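Q: Before I look at any particular feature, could you take me through how strands, burial and backbone angles are to be read in a model such as this?

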Amino acid sequence: MKDLLQTSIDLQIAANRTAHNTSQYASKELILRRGHTFKMDATFNRKLLSGETIQLEAETVSPPKSKFLLSGSASACSWSAVAEHGASSTVSFTIFTPPTASIGRYTLSAHIISGGRSYSIQLGKFILLFNPWCKDDDVFMPTGVERKEYVLSDSGIIYRGNYKSITELGWNFGQFEENILDLCLTILDKSFDYCNQPSMDCAQRNNPVHVSRVISSMVNCQDDEGVLEGDWSGDYEDGVSPAAWNGSVAILQKWRRNGYKPVQYGQCWVFAGVTCTVLRCLGIPARVITNFSSAHDTNGNLCIDEYYDKSGTSLNKGEDSIWNFHVWNEGWFVRKDLGSFYDGWQILDATPQEQSAGLYCCGPTSVKAIKEGDVHLNYDAPFVYAEVNADRVSWIWHSQEQKERLTSDVCIVGKNISTKALGQNSREDITDNYKYEDGSKKEREMFTKAYGKLFGPAAPPPPSCRFADSAGMNDPGNSTVLAKPKVSGAFKITQTILYGEDVNLVLILKNSSTDQATHILVNISASSTLYTGKVMSEIMKKTTSVILGPKEEKEIPFKVTYKQYENYLTSDLQNFNISAVCEVVGEEKILVQRYITLESPPIRIKILGPVVVNKPGKAEVTFCNLLSEKLTKGKLLVVGATLLREAVEKTVDIIQPKETITILIDFSPIAVGKKQLSVDFSCNKFCNVKSFVEILVVAD
């Protein structure tokens with residue numbers, strides 16, 4: 001009798017990938033999602049005889065390898081296979097993968113028992129991913145519209161700026177592009193966890209809690225061969241400015257070309273964009289989140305201390321800071337380690353800020369745990385809670401030993417927490433997911449609860465609560481009890497603020513006294529700052545005084561001219577802090593503050609006519625020089641996944657003052673659906689001015 005030999009294998013790649021929602025990947029491999037069946041045919045040199053059996057075995061590729069013998073009866077909870085064979089020599093297999101299987105690369109083989117002996121043959125290879133379509137998978141997402149947005153969408157919007165002036169950045173996640181899936185699996189194999197405890201790491205690759213935490217660590221390079229190196233210095237000559245990136249694909253591909261050495265450079269939105277790509281690519285639903293006025297609480301006391309000199313200039317004293325914005329991610333999965341109440345969106349932050357269990361990573365942290373003040377739960381809840389809930393205390397710095405308290409604000413941190421809306425190119429405010437209304441009784445209860453869990457029920461109240469009309473306690477380093485100020489103030493901006501124009505502001509001061517006039521000395525200062533709050537250069541100072549009658553309100557107009565700020569602001573530094581220390585003569589001082597982000601000149605993109613797959617399309621890009629001086633060395637860079645085979649670069653030597661230029665861009669889409677075309681403009685005055693447009697590509 002001839003040995004039973006395999007003559008051909010049909011993995012039914014196209015049909016299986018369609019059934020598993022993986023046909024978008026630019027790969028010829030069999031890509032599957034766990035918890036669903038797949039089919040294959042094996043043709044042999046003859047038909048099976050009575051007494052001959054075939055048993056399948058799946059084996060992980062990453063060492064140490066794990067083998068799974070497939071039982072011969074159907075089971076949705078374990079590796080199993082059912083064979084169908086008739087008179088022909090072809091055997092059809094229906095293979096079941098459990099919804100708890102580890103993700104990664106597998107080989108599939110067959111053990112044939114024939115004539116009293118056994119031997120093995122290789123059937124093929126496949127990649128197994130998390131499955132948001134499977135109810136028994138920890139990442140199950142119930143609605144199709146959510147899966148389309150948070151798993152299948154390959155582009156999106158990242159929000160930046162400040163909470164009073166929010167801007168949009170188009171981002172190409174590109175999770176389905178060529179080699180990206182392979183790179184995402186490589187990220188797991190390069191991780192600190194895998195390199196130090198490979199058996200334990202591989203065993204936990206069935207758990208999105210573990211996998212997402214590994215990704216959070218690996219997207220930065222502080223502890224391992226991670227993808228990105230962070231830099232906030234403003235000097236990026238030996239790498240790429242964080243502001244230059246338009247998407248994740250170029251970063252991940254450069255990481256591979258560099259021999260898996262970190263790509264230079266990234267900042268928070270770049271780390272978050274890449275993290276979203278990796279999560280979606282591996283099957284974990286994910287989105288990008290922006291927290292405006294985001295606290296970085298280094299000492300964990302839920303209080304951010306900011307320091308000023310007596311003239312109102314912001315000082316780089318202390319380690320705490322409030323960032324204009326900070327960007328992180330949310331991944332969607334259950335939390336069996338915490339309990340079902342904490343299922344759903346989980347916070348993940350790959351920006352290297354603080355260590356967690358010895359590594360620079362953050363999360364997953366349950367969003368529900370943050371809202372309810374459950375800061376005792378894994379992972380990194382105290383740090384995340386402070387990012388959205390910390391209180392701010394402002395001080396006059398006289399010396400290391402003497403600091404004079406100015407104001408306390410319990411409502412400034414965690415503003416307009418934002419993400420791209422479901423199925424729309426608009427911003428969704430999800431602040432209510434993270435916290436109760438600022439200043440409300442419920443919000444203060446949760447703050448007190450969190451503070452008690454961190455420091456114990458007998459701990460004194462946090463510094464921000466120590467007002468004379470609340471706790472009635474003295475502040476550390478201050479010998480007097482602060483009463484509620486008699487004078488209040490606020491800055492008002494009178495126009496949209498574009499780079500190259502004067503900034504006109506108004507300081508509004510109000511006397512709350514009903515029977516007493518007030519003489520106020522006002523010191524106004526403007527300083528350029530990074531979006532992280534770090535002060536870079538002083539731009540201007542102004543001193544004045546005003547007398548307010550009882551219940552009187554007055555406006556003090558002033559401006560910061562273009563000539564004053566043009567040498568201090570760059571493409572990475574278009575923020576400045578306006579502050580005013582207002583002293584009631586002989587009595588109290590108050591601080592009035594406003595962060596300002598200048599807007600770059602707008603770039604407009606117009607798509608000319610309908611866009612049809614595999615047919616030429618055309619876009620019109622328009623840019624206007626709003627400055628009163630000419631621009632030189634202009635360079636326009638256009639990118640678009642599946643729209644352009646490679647980036648298109650156009651140069652413009654000179655743009656005269658107030659001149660508008662129009663450039664036509666040809667493209668040819670190779671896939672249907674919603675696609676994103678992004679434009680980046682740089683010149684002698686601006687770097688990385690960006691715009692994007694969403695294009696609907698239709699079938700012919």
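A: Start with pairing: two strands pair if DSSP finds at least two bridges between them, and helices (H or I, at least four residues) and strands (E, at least two) are DSSP runs numbered from the N terminus. This is a predicted model, in which local features need pLDDT of at least 70 and side-chain atom pairs count only at pLDDT 80 or more, while totals for chains, interfaces and linings use all residues. Residues are numbered from 1 along each chain as its sequence is written, and side-chain values use heavy atoms, with hydrogens and water left out.

Q: Which residue in β5 is the bridge partner of A58?

A: Strands of a sheet pair through backbone hydrogen bonds, either parallel or antiparallel. Here the partner of A58 in β5 is F68; the strands β4 and β5 (residues 67-69) run antiparallel and are joined by three bridges, and a hairpin of six residues leads from β4 to β5. Strand β4 (residues 53-60) is also joined to β8 (residues 104-114) by eight bridges, again antiparallel, with E57 standing opposite S109 in β8.

Q: What is the order of the strands in the open sheet of four strands?

A: The order is β16-β15-β20-β21, and the pairing is mixed. The edge strands, each of which pairs on one side only, are β16 (314-315) and β21 (403-409). Between β20 (residues 391-397) and β21 there are six bridges in the antiparallel sense, and W397 stands opposite K403 in β21.

Q: How many of the residues of helix α3 are buried?

A: Buried means under 20% relative accessible area, exposed means over 50%, and partly exposed lies in between, with a 1.4 Å probe and protein chains only. By that criterion eight of the 10 residues of α3 (residues 180-189) are buried, so the helix is largely enclosed by the rest of the structure; among them are I180, L181, C184 and L188. Over the protein chain, buried residues make up 54% of the 700 residues.

Q: With which residues is L152 in contact, leaving aside its neighbours within four places in sequence?

A: Contact means heavy atoms within 4.5 Å. With those neighbours left aside, L152 is in contact with N21, Q24, W133, R147, Q175 and F176. L152 belongs to helix α2 (residues 144-152) and, at 22% relative accessibility, counts as partly exposed.

Q: Where do I find cis peptide bonds, and what are their omega values?

A: One of them joins Q264 and Y265, with omega about 10°, and Y265 is placed in strand β13 (residues 263-266). Another runs from N378 to Y379, with omega near -5°, and Y379 lies in the loop between α9 (367-371) and α10 (381-389).

Q: What is phi for N416 and for N614?

A: N416 has a positive phi of about 45° although it is not a glycine, and N614, also a residue other than glycine, has a positive phi near 65°.
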